[in-house]
Amino acid sequence: MSDQRKPPVQETDRLFATERNPEDFRFDASVARVFPDMIRRSVPGYTTIIPMIEVITEQYVQAGSNCYDLGCSLGASTLAMRHGIRFMDCRLTGVDNSAAMIERCEHYIALDDHPLPVELRCEDILATPLENASVTTLNFTLQFVPPDERAGLLTRIAEATRPGGALILSEKIRFDSPQEQDAQTRLHHEFKRANGYSDLEISQKRSAIEQVLIPESLSDHRQRLLDAGFDQVIVWYQCFNFVSMLATRSPA
Ligand code: GEK
């Protein structure tokens with residue numbers, strides 16, 4: 001068996017099980033090694049959202065178009081898109097600026113037997129070229145982009161999207177009401193506890209992630225998507241403080 005055909009070794013996420021500096025979270029090799037376990041145990045709804053990305057892609061993909069997965073990590077959302085694409089003249093591209101993620105992603109793509117080729121780019125999504133798109137996915141990626149760069153990126157995506165095309169945008173959100181913010185945060189932490197994370201892991205991860213993940217409210221997301229050029233925005237999924245939106249352009 002060649003190396004490319006062997007599944008990469010996955011580890012259990014214990015990154016925050018011992019005391020560590022909250023400023024050193026980055027998407028490096030240590031995160032890539034535990035990523036499937038980390039995201040499944042940390043993001044409520046992730047295991048539902050991934051297969052639904054296939055369903056949504058199938059609904060909006062257009063023949064002869066490009067599909068993009070921006071912030072593809074190990075390719076879970078890329079593979080879901082691949083399986084939803086029914087036209088073999090489409091091009092599917094996954095983009096991530098973490099070399100460790102892209103390197104592992106290549107293995108997962110190679111292990112999947114769908115015939116549609118996948119191009120992987122180790123690039124900043126703020127700079128990657130986008131054109132002739134029918135479906136684009138930002139599955140928990142926009143939240144890591146500096147807030148003042150988000151409108152420009154979404155405008156570029158909307159301008160690259162064909163009439164009738166769509167953007168799937170999943171994000172951790174914040175709430176305007178402090179009571180709701182507290183209640184949803186407690187529920188999220190309870191979800192992590194139920195998945196085996198200790199109080200130390202939960203509080204250390206929270207401090208670390210707060211330096212890099214800036215959540216916004218649903219109304220801010222909705223308005224910015226409309227301002228960017230999308231015609232309709234719906235929330236198709238929510239679990240606690242994690243949502244997935246579908247922004248679409250009207251057909252011509
Ligand atoms: C999944 N979509 O499994 N340019 C490129 N990549 C970026 C940038 C950027 N500017 N900023 C962050 N990333 C995946 C999960 S994870 C979500 C996405 C999470 C990348 C970063 O390297 C990481 O791989 C990904 O965005 C976010 O469905 O960790 O919560």
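Over the ring of which residue does the charged end of Arg41 sit? The ring is that of Tyr197, and the charged end of Arg41 is 3.9 Å from its centre. For a charge to sit over a ring here, NZ of Lys or CZ of Arg has to be within 6 Å of the ring centre and within 35 degrees of the ring normal. Lys192 also has its charged end over the ring of Tyr197, 5.2 Å from the centre.

Before going on, a note on the model. It is predicted, so local features need pLDDT of at least 70 and side-chain atom pairs count only at pLDDT 80 or more, while totals for chains, interfaces and linings use all residues. Residues are numbered from 1 along each chain as its sequence is written, and side-chain values use heavy atoms, with hydrogens and water left out.

Helices (H or I, at least four residues) and strands (E, at least two) are DSSP runs, numbered from the N terminus. Helix 6 covers residues 178–194, 17 residues in total. The expected span, 1.5 Å times one less than the number of residues, is 24 Å, and the end C-alpha atoms of helix 6 are 24 Å apart, which agrees.

For accessibility, buried means under 20% relative accessible area, exposed over 50%, and partly exposed in between, with a 1.4 Å probe and protein chains only. In helix 6 the buried residues are Gln184, Thr185, His188, His189 and Lys192. They lie on the same side of helix 6, because they cover an arc of only 140° around the axis, taken from the directions from the helix axis to the C-beta atoms. Contact means heavy atoms within 4.5 Å; the elements covering these buried residues include helix 1 (29–42), strand 5 (161–172), helix 7 (199–210), strand 6 (232–239) and strand 7 (242–248). On the face turned away from the buried side, helix 6 carries the exposed residues Gln179, Arg186 and Ala194. After helix 6 comes Gly196, with a positive phi near 95°.

Next, aromatic pairs. Rings of Phe, Tyr and Trp (its six-membered ring) pair if their centres lie within 6.5 Å; planes under 30 degrees apart count as stacked, over 60 as edge-to-face and the rest as tilted. The count comes to three aromatic pairs. One of them is Phe27 with Phe144: the centres are 5.0 Å apart and the planes are at 90°, so this pair is edge-to-face. It links distant parts of the chain, 117 residues apart, with Phe27 in the segment before helix 1 and Phe144 in the loop between strand 4 (133–139) and helix 5 (147–160). Another pair, Trp236 and Tyr237, is tilted, at 5.8 Å centre to centre and 50° between the planes. Trp236 is partly exposed at 23%, whereas Tyr237 is buried at 18%.

Now two backbone points. Most residues other than glycine have a negative phi. Phe140 has a positive phi, near 65°, and is found in the loop between strand 4 and helix 5, buried at 5% relative accessible area. Phe240 has a positive phi too, near 55°; it lies in the loop between strand 6 and strand 7 and is partly exposed at 26%.

Last, the cysteines. How many disulfides does the structure hold? There are zero, where a disulfide is a pair of cysteine sulfur atoms within 2.5 Å. The sulfur of Cys90 has its closest cysteine sulfur in Cys67, at 5.1 Å, too far for a bond. Cys122 is in no disulfide either, with the nearest cysteine sulfur, that of Cys72, 9.0 Å away.
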